[in-house]
Amino acid sequence: MAKKAPELSEYQYGFHDKDVSVFRTKKGLTKEIVEEISRMKDEPEWMLEYRLKALDIFYKKPMPNWGGELKDLDFDSITYYVKPSEKQGKTWEEVPAEIKATFDKLGIPEAEQKFLAGVSAQYESEVVYHSMQEDLEKLGILFTDMDSAVREYPDIVKEYFGTVIPAADNKFAALNSAVWSGGSFIYVPKGVKCEQPLQAYFRINSENMGQFERTLIIADEDSFVHYVEGCTAPIYSTDSLHSAVVEIIVKERARCRYTTIQNWSVNVYNLVTKRAIAYADATMEWIDGNIGSKLTMKYPAVVMVGPRAKGVVISIAVAGKGMHQHAGAKMVHMAPDCSSTIVSKSMSKHGGKVTYMGLSKFGRNAQGSKSNIKCDTLILDDISTSDTIPYNEILNDNVTLEHEATVSKVSEEQLFYLMSRGLTEDEATQMIVMGFIEPFTKELPMEYAVEMNRLIKFEMEGSIG
Amino acid sequence: MSQVPHLKIEDLKVSIEDKEILKGLNLEIKGGEVHAIMGPNGTGKSTLSSAIMGHPKYEVTGGSITLDGEDVLEMAVDERARKGLFLAMQYPSEISGVTNADFLRSAINARMEEGKEISLMKFIREMDKKMKVLEMDEAFMHRYLNEGFSGGEKKRNEILQMSMLNPRIAIMDEIDSGLDIDALKIVSQGVNNMLSPELGVLVITHYQRLLNYIKPDFVHVMMQGRIVKSGGPELAEKLEAEGYDWIKKELGIVDETVGSEV
């Protein structure tokens, strides 16, 4: 540690970092930095080896050229590890009024606002967190941050880590594998149904919103878990790259639902690999909302390896000025009678760009499997664009694949109709947009649906983001 | 707004894509009156209703429309609605993902001052009551606005909106098309329940049949983008019995559609 003196830096993006003393690595990515990250986390040797191997792979892999524009992404200008100080929290009074106002507009409860604003050590939430932890412990559910999991549950982590998304999967998975920090770890034992959604924001005082989160969820046989991550509040970040990896294992007859809503500022590259393996009769559902970012490339995947496994992706992507949402889904049917559903809703406005890229693959043993894909795009003005790029790979004749894609604009007739009932043009447009994304919002837990609707309203007004 | 409504249309000229459809139309509707405009297809009836409501495709090139002396043509569509104009449309749009109930509540609240919005309970009670009159299934509340509705269901839904929004001048554009006789009776009953000195009604139809259930005080015949004949309810009966030919003969019109004038 001695050779890398921690830097205390100045911040330019407002509240998020201003008063928090942090310990961060130098910019750029070297073997030494990876070693330092591992050392600071007090990791076992095998994790360090894993990181270093991944770093090699990262160096060797070319930049992907099939998706969005990545040429401005400079790996040398990125800080790969920032350790938030645990003792030096800031106070709620120090959070700028405009940020509080935004939270209020979004209707986020104060306890959550404080967490989002980086105000640590808040008594109420800790109590909630601890009582929740006790409930989970009684059920045998493990729910912690990934860093702690490596130390506390090394056997389980070692068994599953990197098995769904190996470091060599793609350049950004390799990067994450080398420098990952934070993220969630969940293990749900056989037969346990966790009725309450597990929410990331309760894990206070842990490294939650890192740039390179790593999440691992194991739903053992006959279990159920719903994990909710992120929130609709704009994520103010000085970091220009967010590259997470989420691995999920859904065992026989288990069901896992993973709900994310992310709202990135326009300077962020959001390059995420999310994949689940679903065994026989298991169900995996990704509910995925992407708002903002300079470029998002994200294709939640379900690999169905057992008979009658089910995969679901329901997603929305919203792109405004200077944004490109390159998002979609992958459904891989590798066993008989699997079924999958993709519902993709995208919207572009103010010159934003949305691209749906999806893969539906049927392996040789996928007889009787079926896939239903529906991609709808709503373009809100004349300068915004959309593309749909579906890939199908079919190695078995006895499968069903349905693909439906629509591109629409808010029509003059619809506006006239709603306005003729007294709604202003803005209200009418908003109503049409809300209706468009309703198949997504209805899947969200109530409080998130409410936040989501508010967020879209503000997005439409252009007052946020 | 307790004042008796008064809609006045004078020498109205309306074009669509540079083609003149209405060629100087005059009409006055006051609260408590039911007017019917009849006429064969292609004579400009629907253009009139769309122009009154302010559809952007229809360009008013001359004349005036006032409501209680205020210039309607200066108002945006939503403003016209909030002033009390209502158009029950022949082909209402479908809005996916927006429930009938959500939409109606927003529309009602659009008329209210801030802080005076209708409470959810009151709204549900009102809607329940009005839906019973129109014999609409409760499920309609939660269905997406007009999506997958049959022609008849859409018409009932238009009348439901009308009864919830309490307009001052209500225009019904071919509300009878696509309705079987039972539905026609129910819809007419819904309209008749609303009649009062505070409401002026304009019914547009090309069948006399509707006028058996909604009794007009004034009947107007439209041809070639103008009202060519006006009278009382007896005019509708004569049209039912004899068709339009006698009017054409009387006025020397060969082809009644717009653009065929000599």
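Author: Let's start with a definition: two residues are in contact if their C-beta atoms, placed from the backbone, lie within 7 Å.

Reader: How many residues of chain B are in contact with chain A?

Author: On the 7 Å criterion, 22 residues of chain B are in contact with 19 residues of chain A. Three helices of chain B each supply at least two residues of that side: H2 (77–82), H3 (100–110) and H5 (151–165).

Reader: Which classes of residue make up the side of chain B that touches chain A?

Author: That side has 13 nonpolar, 6 polar and 3 charged residues.

Reader: How do you know where in chain A the pLDDT is below 50?

Author: The predictor gives each residue a confidence from 0 to 100. Chain A averages 83, and 78% of its residues score at least 70. Residues 1–21 of chain A are below 50, with 35 contacts in the model beyond near neighbours in sequence. Residues 118–127 of chain A are also below 50, and that stretch has 22 such contacts. Where pLDDT is low, the predicted coordinates should not be read in detail.

Reader: What is the secondary structure of chain A, in helices and strands?

Author: It comes to 11 helices and 21 strands. Of the 465 residues in chain A, 51% are buried. Among contacts between residues at least 6 apart in the sequence of chain A, 83% join residues at least 24 apart.

Reader: Which UniProt feature is placed at residues 133–199 of chain A?

Author: The unreviewed UniProt entry gives "domain: SUF system FeS cluster assembly SufBD N-terminal" there. In the model, this span is 45% helix and 16% strand, and its end C-alpha atoms lie 12 Å apart.

Reader: Which residues of chain B does the annotation "domain: ABC transporter" cover?

Author: The unreviewed UniProt entry has it covering residues 7–249 of chain B. Over that span the chain is 35% helix and 27% strand, with the end C-alpha atoms 31 Å apart.

Reader: Why is strand E9 of chain B called largely enclosed?

Author: Strand E9 covers residues 218–223 of chain B, and 5 of its 6 residues are buried, so the rest of the structure largely encloses this strand.

Reader: How do you know which strands pair with E9(B)?

Author: Two strands pair if DSSP finds at least two bridges between them. Strand E3 (residues 34–38) of chain B and E9(B) have 4 bridges, in the parallel sense. Here Val221(B) is the bridge partner of Met38(B). E9(B) and strand E10 (residues 226–231) of chain B have 5 bridges and run antiparallel. Arg226(B) is the bridge partner of Met223(B). E9(B) and E10(B) form a hairpin with 2 residues between them, and Gln224(B) in the turn has a positive phi of about 50°.

Reader: What is the order of the strands in the open sheet of chain B?

Author: The 6 strands run E6-E7-E8-E3-E9-E10, with mixed pairing. The twist averages 20° from one strand to the next. Within this sheet, strand E7 (residues 169–173) and strand E8 (residues 200–204) of chain B run parallel, joined by 5 bridges. Ile171(B) has Leu202(B) as its bridge partner in E8(B).

Technical notes. Residues numbered from 1 in each chain as written. Chains lettered and ligands numbered in written order. Predicted model: local features only at pLDDT ≥ 70, side-chain atom pairs only at ≥ 80, totals over all residues. Buried ≥ 20, exposed ≤ 12 C-beta atoms within 10 Å, placed from the backbone. Axes fitted to C-alpha atoms, helices over the stretch in contact; angles between N-to-C directions. Nonpolar A, V, L, I, M, F, W, Y, C, P; charged D, E, K, R; others polar. UniProt positions renumbered as here; feature names shortened; annotations may be inferred.
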